[in-house]
Amino acid sequence: MSQDSISQLRTWIAEQKLDAFMVTQPQNRSYLSGWFNDDDEGAGLLLVGQQQQILLTNSLYKEIAEREATGWQVVEPSGLVREYTSTIVELAREHGWKKIGFESMALLYGVYEHLCRAGEGVFTLEPFEPSFVSQLRQVKQPHEIELLRRAIAITDETFAHICQWIQPGMTEKEVQWEINRYMLTLGADGPSFEAIVASGPNGSMPHAVAGQRRIQRGELITIDMGARYKGYCADMTRTICLGEPVEPRMREVYAAVLNAMKVCEAGIHAGTSGQAADALARTALEKDGLAEYYVHGTGHGVGLQIHEGPNLSPRSPEDVVLPAGSVVTVEPGVYIPGWSGVRIEDCVLVTQNGCEVLTQSPTELVLRKE
């Protein structure tokens with residue numbers, strides 16, 4: 001937990017004329033408190049006032065929260081486990097909170113209604129989206145960058161292992177399983193997401209689900225994977241071929257996608273808008289006549305979530321720029337229905353004058369001569 005982040009949040013709370021702010025989004029809760037429990041949305045919430053920083057959690061998590069959430073007052077709710085409403089009302093009365101902000105995209109409507117009824121005459125709730133805490137998280141602190149570097153290094157090392165291990169005839173599911181297993185041996189918490197292993201015609205689906213299809217020599221195989229280390233997520237994609245590609249078009253499409261990624265990485269820096277960053281890759285693919293097969297944005301932030309801000313997308317607001325210290329993916333792809341597809345993805349650290357490519361896995365198409 002960074003006290004500087006808490007200070008920035010308190011300044012924002014004052015600017016919004018709030019008395020306190022309630023944090024219910026799990027990764028935002030982890031970011032501010034230092035207690036990393038992102039798997040259970042009901043595990044607790046934070047209440048931040050100008051003098052108070054309170055973590056509400058129940059008896060299931062209280063001991064570990066007290067150990068990890070340094071500087072936070074850990075309060076166990078009165079009443080039923082996971083029922084925080086009456087405790088929030090009590091705290092609001094105790095501290096004189098009349099107006100409490102909340103993350104509108106991270107609070108169930110039923111819970112919101114319940115809180116409004118219970119707090120009537122004590123406080124009102126003010127919705128905010130996007131959450132200011134999510135915006136704070138876009139600029140990574142030095143310790144966060146080091147954790148991301150380790151997650152990415154585990155991902156690189158796992159990919160190197162897969163390149164030696166994979167053989168024709170293996171199923172996509174077998175490769176996915178081996179990715180997960182090997183990451184754990186290197187100290188990962190686990191995968192950031194279920195690895196995508198899309199072979200042959202399955203490569204035309206950007207979010208293909210690994211199945212029982214057997215990998216064949218000479219076809220394109222897209223592997224999208226990432227390790228999670230101490231809560232922080234890596235994300236990397238490589239498209240490979242076991243032996244020589246069976247048709248020249250595979251090399252042509254691969255070269256175009258790799259060029260688009262390199263053009264984008266060479267052109268982005270702090271202050272580049274998400275739209276402009278996306279346009280770098282998209283324009284490169286247009287020149288190669290492949291833009292119609294590019295069906296998603298060029299990238300997204302990574303951190304405590306595998307997908308967070310800022311976004312590199314044609315739909316990004318024009319005034320939203322990449323800040324120095326953000327870590328984003330650059331992942332152009334081409335997906336041709338009935339044929340196959342190619343995606344290549346790095347994680348990069350945005351700097352004032354450019355970006356540092358954090359992913360170190362090689363980008364050769366042919367994995368080995370067969």
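Modeller: Let's begin with the largest nonpolar core, which has 63 residues, and in which Leu-9, Leu-32 and Ile-179 have the most contacts. Helix α7 (residues 142-165) gives the most to this core, nine residues. Keep in mind that the model is predicted: local features need pLDDT of at least 70, side-chain atom pairs count only at pLDDT 80 or more, and totals for chains, interfaces and linings use all residues. Residues are numbered from 1 along each chain as its sequence is written, and side-chain values use heavy atoms, with hydrogens and water left out.

Colleague: What makes a set of residues a nonpolar core?

Modeller: The members are buried Ala, Val, Leu, Ile, Met, Phe, Trp, Tyr and Cys residues joined through side-chain atoms within 4.5 Å. Another core, of 31 residues, lies apart from the largest one, with Met-250, Leu-285, Val-334 and Val-350 among them.

Colleague: Why is Ser-273 called buried?

Modeller: Buried means under 20% relative accessible area (exposed is over 50%, partly exposed in between, with a 1.4 Å probe and protein chains only). Ser-273 has 14% relative accessibility, so it counts as buried. Its place is in the loop between α9 (248-267) and α10 (274-287). Leaving out residues up to four places away in sequence, Ser-273 touches Glu-318, Val-320 and Val-321, where contact means heavy atoms within 4.5 Å.

Colleague: And why is helix α2 described as largely enclosed?

Modeller: Eight of the eight residues of α2 (residues 26-33) are buried, so the rest of the structure largely encloses this helix. Tyr-31 and Leu-32 are among the buried ones. Gly-34 follows α2 and has a positive phi, near 85°.

Colleague: What makes α9 roughly antiparallel to α10?

Modeller: α9 and α10 pack at about 150°, with axes 8 Å apart. Angles over 145 degrees count as roughly antiparallel, under 35 as roughly parallel, 65 to 115 as roughly perpendicular and the rest as oblique. That angle makes α9 roughly antiparallel to α10. By class, their contact has ten nonpolar, two polar and no charged residues.

Colleague: Then why is α7 called oblique to α8?

Modeller: The axes of α7 and helix α8 (residues 172-185) come within 10 Å and cross at roughly 135°. That makes α7 oblique to α8. The α7 and α8 crossing is right-handed. Residues making the contact include Thr-158 and Ile-162 of α7 and Ile-179 of α8. Ile-179 also touches Ala-195, Val-197, Ile-223 and Met-225.

How values were computed. Helices (H or I, at least four residues) and strands (E, at least two) are DSSP runs, numbered from the N terminus. Axes are lines fitted to C-alpha atoms, for helices over the stretch in contact, and angles run from 0 to 180 degrees between N-to-C directions. Ala, Val, Leu, Ile, Met, Phe, Trp, Tyr, Cys and Pro count as nonpolar, Asp, Glu, Lys and Arg as charged, and the others, Gly among them, as polar. A crossing is left-handed if the near helix is turned anticlockwise from the far one by less than a right angle, and right-handed if clockwise.
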